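Subject: Structure handover

Hi,

Here is the structure we talked about.

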Amino acid sequence: METRNKGSFGTQKLDDERRVRVLSPGMLVFKRFVRNKLAITGLVILIVMFAFSFLGGLFSPYTQAQVFKHDEAIMKEYATCMLNTDLRYTVRKGAEFPDAAHAQAALAITQGNPSFTYGDRTYSLVKEGEDFYTIGDAIKIVEARTLANKFSLSAVKDSAFTISPAFAAAAQTAITAGAAQFKADGDVYTVVNAGKTSAIYHVESIALATKNVYDPYEEQYKDIATDFGFRYASELALSKGKTQFSFDGANYSYETIDGDIVVSKDENGTAVAVCTISDMLVSSKANDIFLSSQEKSLIRNAIRAKETEFVIQDAAGANVEYRIDRVNQTYTVRTLTESRVITMYEFPTAAHLLGTDSNGMDVMTRLMYGGRISLMVGFVVVFLETFLGIVMGGISGYFGGWIDTAIMRFVDLFNCIPFYPIVMIIGTVMDKMEIDPIKRIFILMAVLGILGWTSIARVVRGQILSLREQDFMVATEATGIRVSRKIFKHLVPNVMPLLIVQATMSLGGIIITEATLSFLGLGVKYPLASWGSIINAATNVHIMTNYWFIWIPAGMLIVLTVLGFNFVGDGLRDAFDPKMKR
Amino acid sequence: MNGQKRANDEVVMEVRNLKKYFPIKAGIFGRVVGQVRAVDGVSFRIRRGTTMGLVGESGCGKTTVGKTLLRLNDKTSGEVLFKGTEIFELGRSELRHLRPQIQIIFQDPYSSLSPRMPVGEIIGEAVREHNLVPESEFDDYITKIMRSCGLQPYHKDRYPHEFSGGQRQRICIARALALNPDFIVCDEPVSALDVSIQAQIINLLEDLQKEFGLTYLFISHDLSVVEHISDTVGVMYLGDMVEYGAKEDVFAKPLHPYTRALFSAIPVPDPTVKMNRIILEGSIPSPANPPAGCKFHTRCRDCMEICRHEAPKRFDAGNEHYVVCHLYGK
């Protein structure tokens with residue numbers, strides 16, 4: 001009947017107890033929390049952080065791993081030029097003269113040996129002129145077979161040798177006589193017998209070594225300029241001081257222009273430049289640039305004149321400036337080239353509110369996506385920790401006895417695991433196994449949760465142990481209340497406040513741990529971002545001192561978020577504290 | 001009042017030679033190295049509708065006796081018969097059914113109420129658990145109980161922190177009473193309250209006893225309260241019940257030297273009376289290592305040679321007045 005009067009103050013006296021509004025403990029906690037300015041500040045910070053991280057990503061026009069590029073003229077290496085002081089080898093087509101044998105040849109040249117061996121072969125070395133050597137090798141040219149007293153000869157496919165009647169006769173005589181050598185057409189041939197087949201070898205030049213550099217005048221002359229026969233003929237003529245030579249039925253002549261020798265082909269009376277011979281090696285640095293012989297001569301002349309800059313007219317008729325830098329005997333030619341580059345370290349603009357980072361990604365967008373991961377890791381880990389802590393601590397505290405002892409010793413064991421070494425080892429293992437970045441985050445969550453539940457288990461156990469001895473728990477026993485009700489109606493509601501505070505406080509800690517791990521490169525990996533991995537950029541002194549906008553905002557976000565969680569945690573603790581009446 | 005009570009001779013609670021030792025464990029394997037003899041051979045019987053006062057110093061085992069009667073502790077030996085049934089022989093479900101009939105009121109009204117439960121829920125929880133009243137009458141029943149304990153029905157939705165100590169103790173009494181018990185152990189129910197509230201609670205307990213025919217075991221160290229409320233009195237010293245008898249007999253003619261020393265400390269509200277106090281030397285010995293012979297001999301004024309070696313036997317001084325002392329019976 002009294003309850004019906006509730007709220008109608010008219011029938012109640014001023015000092016009537018019913019005028020006092022009834023508040024449940026939950027409401028009281030809420031009211032106390034709301035009155036705490038610091039806690040509300042923390043809550044506002046957290047709301048802003050959540051909005052920034054979870055909604056920000058939806059509004060950001062960019063994705064987290066989007067790389068920005070722009071066009072820029074940069075001094076790009078155009079060509080390098082080297083004074084050639086080494087013997088360079090030209091190998092006959094089809095002949096075998098491996099690069100490794102070059103060293104043996106060089107050794108033989110300096111020692112003046114007439115031959116050298118490489119592998120199981122012996123090569124002969126002939127000095128044909130100043131800095132001009134030919135390397136000879138016995139090449140199998142003809143195969144001889146004696147089948148049923150019938151003698152046959154066949155030229156080896158690759159060799160250009162044609163069997164003359166005089167050669168055939170000499171060969172047959174030599175092979176039937178079992179001679180090792182025979183002469184025919186003024187040349188010496190070697191015979192190697194192997195049963196019914198014999199091989200006839202002839203020593204021929206397979207390579208030449210010279211210090212001259214041949215550059216084709218135009219791309220179409222590339223083949224001829226690198227041809228062994230052409231070079232051999234040219235070098236032979238040069239060493240003999242001739243001004244012309246013939247090769248492959250054509251006549252070539254020399255002409256010295258600006259220190260380079262230009263080789264011209266006589267084509268029906270007109271001289272067509274084929275290649276240049278020089279002592280400088282000019283090579284293009286970019287794949288798409290073909291340096292013509294003229295360009296090369298220009299570069300060479302500029303270098304010979306000890307110039308640091310020169311100008312070439314390009315195909316469109318514009319003057320292109322080149323710069324020459326010298327390092328030892330190597331000259332590098334650079335020119336301004338328009339190219340597409342990644343927009344790195346761009347200072348904050350309207351398009352990129354916090355600039356771009358070293359990968360050319362928008363820092364603001366990465367902060368948003370990074371916040372998602374940082375906060376999510378925090379929540380999942382705390383949930384995992386708290387869940388494990390409640391189960392283990394609850395069992396331990398409620399049942400006591402040997403179960404309690406066993407679980408608590410297990411907790412001690414867990415606390416003995418050194419946290420950072422273990423996490424570092426797991427991080428390294430994950431690096432080695434090249435685990436997908438997203439899976440990596442889940443593994444990180446699991447590891448942090450599994451390593452962190454012990455403190456919560458201890459708190460829960462302690463709380464339950466103390467509650468178990470309280471008179472109201474004895475009273476539930478005396479009134480015969482069943483176990484499930486005891487646990488869920490009496491124990492859990494009394495442990496909950498402490499757990500909420502503990503969980504809120506540890507959220508900040510987890511976020512810091514995750515940031516630390518990511519900072520050390522063990523946590524969240526590129527292309528995914530987390531606040532810790534963004535700060536990682538500050539390990540580079542150049543970035544730390546020059547590009548504040550890359551790492552300061554991430555640091556501020558971590559500080560603010562942790563501060564927010566701690567304020568809210570403190571506020572909750574004060575609100576739950578029954579000693580704080582109002 | 002007393003005559004009325006005596007007429008009913010049904011023994012509600014009988015305790016025979018009850019012993020409760022707590023083991024002292026030591027070492028990593030929890031080896032038992034000794035025992036605390038909290039209750040060391042206590043016997044008494046309480047008749048329906050009467051109150052037995054249990055007095056003694058702190059740590060003499062009063063509360064252990066009380067808790068053992070509810071089987072909140074295990075016993076070491078002896079018998080606890082509730083209406084002739086040994087409660088330590090009951091199975092789980094039998095015990096659960098018996099629970100409502102024996103209730104307890106704790107000393108500290110602050111820790112005996114769950115802080116996160118409204119009062120109505122605290123009082124009615126076990127009633128619902130045991131289906132003592134139909135669901136339709138539940139609210140009225142709780143209201144009735146709260147009224148008889150001096151609580152207002154609108155208190156139902158409030159939480160314990162909004163109540164004073166006296167009101168909380170009323171809630172505790174209501175919680176016990178709601179189960180319609182036969183026997184209530186009052187474990188120093190008023191010692192945490194101030195004197196005016198003490199009187200209210202004592203009167204409430206007496207009124208409820210009359211109304212519902214309750215039987216109390218009233219544990220206290222406050223002798224005047226015990227003198228006021230009890231019909232029989234037991235005096236405990238170091239786990240032993242040294243004297244037991246009707247209140248009139250024990251208070252008028254205390255036999256045991258300890259009882260006499262205890263009673264000499266009751267203040268008399270008259271400044272002209274010269275109090276003849278018996279001051280006990282020393283402090284109570286450890287129940288883990290009680291003295292040989294009579295446990296009280298180390299502090300007894302009338303200590304004799306025999307007291308040091310031989311434990312005294314129970315002496316019946318007539319009218320169910322027992323004393324355990326060598327001064328008598330030889």
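Which strands does helix 2 of chain B lie across? Helix 2 (residues 62–69) of chain B lies across strand 3, strand 6, strand 7 (183–187), strand 8 (215–219) and strand 9 of chain B. Its direction is at about 150° to strand 8 of chain B. Keep in mind that this is a predicted model.

The sheet

Chain B has an open sheet of eight strands. The strand order is 6-7-8-3-9-10-12-11, with mixed pairing. Strand 6 and strand 11 (314–316) of chain B are the edge strands, and each pairs on one side only. From one strand to the next, the twist averages 20°.

Within that sheet, strand 3 (residues 51–56) and strand 9 (residues 232–237) of chain B run parallel. Five bridges join them. One detail to look up on screen: V55(B) has V235(B) in strand 9 of chain B as its bridge partner.

The contact between chains

Chain B puts 28 residues into the contact, and chain A puts in 22 residues. On the side of chain B that touches chain A, the elements giving two or more residues are strand 6 (102–105) and helix 4 (119–129) of chain B. Helix 4 of chain B gives the most, with three residues. By type, the residues on this side of chain B are 12 nonpolar, seven polar and nine charged.

Best wishes

Notes
Residues numbered from 1 in each chain as written. Chains lettered and ligands numbered in written order. Predicted model: local features only at pLDDT ≥ 70, side-chain atom pairs only at ≥ 80, totals over all residues. Contact = placed C-beta atoms within 7 Å. Helix = DSSP H or I, 4+ residues; strand = E, 2+ residues; numbered from the N terminus. Nonpolar A, V, L, I, M, F, W, Y, C, P; charged D, E, K, R; others polar. Pairing = 2+ DSSP bridges. Axes fitted to C-alpha atoms, helices over the stretch in contact; angles between N-to-C directions.
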